[in-house]
Amino acid sequence: MKNILPLLLLALAGTACSSGEADPEIQATRMLDMARTLLQQKEYAAARDTVESMRRTWPKALKTRSVGIVVMDSIELCEAQDTLALIDKQLQAEQEKLAILQNRDNRGRNQEYYDQKNKVYHLRQQFDEICAKVKFYLRKIEIDSKDIN
């Protein structure tokens, strides 16, 4: 009886530990798939929150977390590309306005022209910054994808 009781407790403890927990990789992958779906729907904030929640909830799902880095980079890339498209459209419209003002005879009335020129200058700066961000995330995704494989 004394020899059987420790074996029985050991077997009971072994089955209790193995059957109660789900595989963290599987659960984390489900959350990552949800983030990808949100990314395709252009719900960038929700997708970012889902990846961050996956990181907090499943810290031991190391393989999925490394894939999550690429998904997070993809979210940032898509968001930057959308912003770039908006700024590009706005920059083109403002450059057209500047061209019209340039062709006018503005002797002594140049304030509107200089204000427009300043606006175009700042939009061009934003455009260049977002372009650099897009290039950065494209390169980062390329490098991170190689690390996963």
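Let's start with charge. A search of the whole structure finds 11 salt bridges. Keep in mind that this is a predicted model. Side chains of opposite charge can pair when their charged atoms come close.

Take one of these bridges. Arginine 48 forms a salt bridge with glutamate 79. The closest N and O atoms are 2.5 Å apart. Where do the two residues sit? Arginine 48 is in helix α3, residues 44–57. Glutamate 79 is in helix α4, residues 62–103. They are 31 residues apart in sequence, so the pair ties those parts together.

Buried or exposed? Arginine 48 has 17% relative accessibility, so it counts as buried, the cut-off being under 20%. Glutamate 79, at 28%, counts as partly exposed. There is also a third partner here. Arg48, Glu76 and Glu79 are linked in a network of salt bridges.

Next, lysine 140 and aspartate 73. Their side chains meet in a salt bridge, 3.0 Å from N to O. This pair links distant parts of the chain. Lysine 140 belongs to helix α5, residues 111–148. Look at the aspartate. Aspartate 73 is buried, with a relative accessible area of 5%. Lysine 140 counts as partly exposed, at 26% relative accessibility.

Now a bridge inside one helix. Arginine 139 and glutamate 142 meet through their side chains at 2.9 Å, N to O. Both are in helix α5. How far apart are they along it? Three residues, which means about one helical turn separates them. Arginine 139 is partly exposed, with a relative accessible area of 44%. Glutamate 142 is partly exposed too, with 39%.

On to the rings. How many aromatic pairs does the structure hold? Two.

Tyrosine 113 and tyrosine 114 make one of them. Their ring centres are 5.2 Å apart. Their planes stand at 65 degrees, so the pair is edge-to-face. Tyrosine 113 counts as buried, at 14% relative accessibility. Tyrosine 114 is partly exposed, with a relative accessible area of 47%.

Then we have phenylalanine 136 and tyrosine 137. This aromatic pair is edge-to-face, with 75 degrees between the planes. Centre to centre, the rings of phenylalanine 136 and tyrosine 137 are 5.0 Å apart. Phenylalanine 136 is partly exposed, with a relative accessible area of 47%. Tyrosine 137 counts as buried, at 15% relative accessibility.

To recap: 11 salt bridges, and two aromatic pairs. Arginine 48 to glutamate 79 joins helix α3 and helix α4.

Technical notes:
Residues numbered from 1 in each chain as written. Predicted model: local features only at pLDDT ≥ 70, side-chain atom pairs only at ≥ 80, totals over all residues. Heavy atoms only, no water. Salt bridge = Lys/Arg side-chain N within 4 Å of Asp/Glu carboxyl O. Helix = DSSP H or I, 4+ residues; strand = E, 2+ residues; numbered from the N terminus. Buried < 20%, exposed > 50% of the residue type's maximum accessible area, 1.4 Å probe, protein only. Phe/Tyr/Trp six-rings, centres within 6.5 Å; stacked < 30°, edge-to-face > 60°.
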